[in-house]
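Here is a short briefing on one protein chain. Keep the sequence and the 3D view open as you read.

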Amino acid sequence: PEHARFRRIFQKAFLPAVVSKWGESVVDPVVDSLMKGFVSRGRADLVQEFTFHYPFQIVFKQLGLPPEEVAIFHKLAMAQIVVTFDIEHGTEASRKLGTYFKAMVEERRSNPSDDLVSVLAQAEVDGERLPEEVLISFLRQLVNAGGDTTYRGTSVLLTGLLNNPEQLEAVRKDRSLVPLAIEEALRWEGPVLIQTRMATRDTELGGVKIPAGAFLDIAAGAANRDPAKFVDPDRFNIFRKSQNRHFSFAFGPHICIGQHLARVEMTRALNAILDRMPNLRLDPDRPKPEIRGIMMRVPKHIFVRFGAN
């Protein structure tokens with residue numbers, strides 16, 4: 001029950017009007033910095049050199065992290081993600097991030113700036129501020145929720161387009177198709193395919209009785225490929241005439257609070273790639289990208305060539 005009360009405070013920092021301003025001031029400098037490392041080369045691995053890094057670096061800029069501490073933060077963030085498989089290091093990373101953020105919140109409340117931590121530390125709704133433990137918990141997960149998911153979503157978007165060159169060319173020529181390409185990528189291979197929910201009351205779905213308090217693994221990936229809702233659902237097709245929303249940002253009171261920022265990041269990244277990497281195509285001499293995983297899927301590499309070579 002406390003979720004809705006706290007969420008109203010967090011939402012103030014993630015409204016569309018707010019995150020749209022971050023596109024130029026936060027997202028573009030990160031994208032430009034990373035692309036400078038390979039645009040003159042004519043070939044690249046878009047995952048290892050770009051998509052794996054840029055969403056995390058955007059989060060780090062939003063948090064106002066000192067540049068010299070970015071590398072260790074990225075390491076701690078990844079350690080949190082694999083806590084299911086490595087409990088010792090995952091819990092250690094979570095504990096260390098909590099300690100760091102506690103000190104950061106105290107410092108930003110005393111000396112506020114325009115970074116996200118300062119905004120959230122000062123935010124109020126109806127005279128109520130976020131409890132410190134709630135704010136720290138949010139910041140600890142922001143590194144993963146804001147970085148890992150967008151890295152996967154952007155990698156899937158590029159994989160879908162590069163495997164369908166005619167669609168990639170259509171988007172290059174008509175940038176009004178960029179939003180359609182992003183939504184199709186999110187539907188086709190969403191960043192998080194399974195979401196856990198709890199039934200608040202006795203109910204029945206599809207003839208299955210579900211008691212109150214039961215935990216459910218909601219397969220968003222299956223919903224996104226429901227043939228009753230999407231024609232030829234396994235095909236990546238930015239031109240599909242679907243009237244149904246995808247499930248990748250979930251629905252209801254737990255709908256993804258960062259969905260607007262994710263779209264801004266994916267839009268700016270794709271436009272930058274199309275602008276600065278002419279004749280972009282898969283590298284014929286390297287393996288094609290393979291999207292793998294269970295709950296969270298992504299290609300490990302996207303080897304490309306571009307330019308005249």
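**Aromatic contacts and overall fold**

Phe-60 is buried, with a relative accessible area of 3%. The model behind this value is predicted. The points below start from the aromatic residues, then turn to charges over rings, a helix, the chain end and the whole chain.

**Aromatic pairs**

- The chain holds 13 aromatic pairs, counting rings whose centres lie within 6.5 Å.
- One of them joins Phe-60 and Phe-73. Their ring centres are 6.3 Å apart and their planes meet at 75°, so this pair is edge-to-face. The cut-off for that label is over 60 degrees.
- Phe-60 belongs to helix α4 (residues 54-63), while Phe-73 belongs to helix α5 (residues 70-81). The pair therefore ties together parts that lie 13 residues apart in sequence.
- Phe-73 is buried because its relative accessibility is 2%, and buried means under 20%.
- Phe-73 also pairs with Tyr-100. Here the ring centres are 4.7 Å apart and the planes stand at 75°, so this pair too is edge-to-face.
- Tyr-100 sits in helix α6 (residues 87-110) and Phe-73 in helix α5, so the two are in distant parts of the chain, 27 residues apart.
- Tyr-100 counts as partly exposed, because its relative accessibility is 26%.
- Four residues make one aromatic cluster: Phe-10, Phe-14, Trp-22 and Phe-138.

**Charges over rings**

- Arg-5 places its charged end over the ring of Phe-6, at 4.8 Å from the ring centre.
- Arg-286 does likewise with Phe-303. Its charged end is 3.9 Å from the centre of that ring.

**Helix α1**

- Helix α1 spans residues 2-11, and its buried residues are Phe-6, Arg-7, Ile-9 and Phe-10.
- These residues cover an arc of only 155° around the axis, so they lie on the same side of α1.
- Phe-6 lies under the charged end of Arg-5, and Phe-10 is a member of the aromatic cluster.

**Phe-306**

- Phe-306 is in the segment after β11 (303-305).
- Phe-306 counts as buried, because its relative accessibility is 2%.
- Beyond residues up to four places away in sequence, Phe-306 touches Phe-38, Val-39, Gly-42, Arg-43 and Ala-44, and also Met-277, Pro-278, Asn-279, Leu-280 and Arg-281.
- Gly-190 is 116 residues from Phe-306 along the chain, and their C-alpha atoms are separated by 27 Å.

**The whole chain**

- The protein chain contains 12 helices and 11 strands.
- Its radius of gyration is 20 Å. A compact globule of 309 residues would have a value near 19 Å, so the two agree.
- Along the principal axes, the C-alpha atoms fill a box of roughly 55 × 55 × 40 Å.
- Of the 309 residues, 47% are buried.
- Take the contacts between residues at least 6 apart in sequence: 68% of them join residues at least 24 apart.
- The chain exposes about 15,800 Å², and carbon and sulfur atoms supply 56% of that area.

Notes:
Residues are numbered from 1 along each chain as its sequence is written. This is a predicted model: local features need pLDDT of at least 70, side-chain atom pairs count only at pLDDT 80 or more; totals for chains, interfaces and linings use all residues. Side-chain values use heavy atoms; hydrogens and water are left out. Rings of Phe, Tyr and Trp (its six-membered ring) pair if their centres lie within 6.5 Å; planes under 30 degrees apart count as stacked, over 60 as edge-to-face and the rest as tilted. Helices (H or I, at least four residues) and strands (E, at least two) are DSSP runs, numbered from the N terminus. Buried means under 20% relative accessible area, exposed over 50%, partly exposed in between (1.4 Å probe, protein chains only). A charge sits over a ring if NZ of Lys or CZ of Arg is within 6 Å of the ring centre and within 35 degrees of the ring normal. The radius of gyration is taken over C-alpha atoms; the globule rule is 2.2 Å times the number of residues to the power 0.38. Contact means heavy atoms within 4.5 Å. Accessible areas come from the Shrake-Rupley method with a 1.4 Å probe; for residues, only the protein chains shown count as cover. The arc is that of the directions from the helix axis to the C-beta atoms.
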